[in-house]
Amino acid sequence: MKARVTVTLKNGVLDPQGKAIEGALGALGFAGVGSVRQGKVFDIEVEATDAAKAKTELEAMAAKLLANTVIENYRVEIVD
């Protein structure tokens with residue numbers, strides 16, 4: 001079963017990389033870009049047949065390792 005875990009910074013957390021990307025897009029002539037926030041995407045394949053059980057396990061992975069839950073949110077999607 002394939003899944004995607006998306007990790008993003010929580011609102012209010014400073015995102016210097018997003019600000020740098022925002023500035024670079026403007027410098028490259030892309031007008032109208034209001035705000036950029038960067039994040040991480042993990043594509044994970046797990047051996048499971050029960051989607052609910054797999055999602056629970058993937059959420060545990062995200063909470064324990066993939067995301068810093070103090071400053072980041074995460075979202076788990078089964079993409080199979």
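This is a predicted model: local features need pLDDT of at least 70, side-chain atom pairs count only at pLDDT 80 or more; totals for chains, interfaces and linings use all residues.

Visitor: How many helices and strands does the chain have?

Guide: The chain has 2 helices and 3 strands, and from the N terminus on they run β-α-β-α-β. Helices (H or I, at least four residues) and strands (E, at least two) are DSSP runs, numbered from the N terminus.

Visitor: What is the radius of gyration?

Guide: The chain has 16 Å, whereas a compact globule of 80 residues would have a value near 12 Å. The radius is taken over C-alpha atoms, and the globule rule is 2.2 Å times the number of residues to the power 0.38. Along its principal axes the C-alpha trace spans about 50 × 25 × 15 Å.

Visitor: Which residues make up the largest nonpolar core?

Guide: That core has 12 residues in all: Met1, Ala3, Val5, Val7, Ile44, Val46, Ala54, Leu58, Ala62, Leu66, Ala67 and Val76. A nonpolar core is a set of buried Ala, Val, Leu, Ile, Met, Phe, Trp, Tyr and Cys residues joined through side-chain atoms within 4.5 Å.

Visitor: Is Ala62 buried or exposed?

Guide: Ala62 has a relative accessible area of 0% and is therefore buried. Buried means under 20% relative accessible area, exposed over 50%, and partly exposed in between (1.4 Å probe, protein chains only). Ala62 lies in helix H2. Beyond its neighbours within four places in sequence, Ala62 is in contact (heavy atoms within 4.5 Å) with Val5, Ala67 and Tyr74.

Visitor: And what does Val5 touch?

Guide: Not counting residues up to four places away in sequence, Val5 touches Lys40, Val41, Phe42, Ile44, Ala62, Leu66, Tyr74, Arg75 and Val76.

Visitor: Turning to Thr6, why does it count as buried?

Guide: Thr6 counts as buried because its relative accessibility is 15%. Thr6 is placed in strand E1. Leaving aside neighbours within four places in sequence, its contacts are Lys40, Val41, Asn73, Tyr74, Arg75 and Glu77.

Note on methods:
Residues are numbered from 1 along each chain as its sequence is written. Side-chain values use heavy atoms; hydrogens and water are left out.
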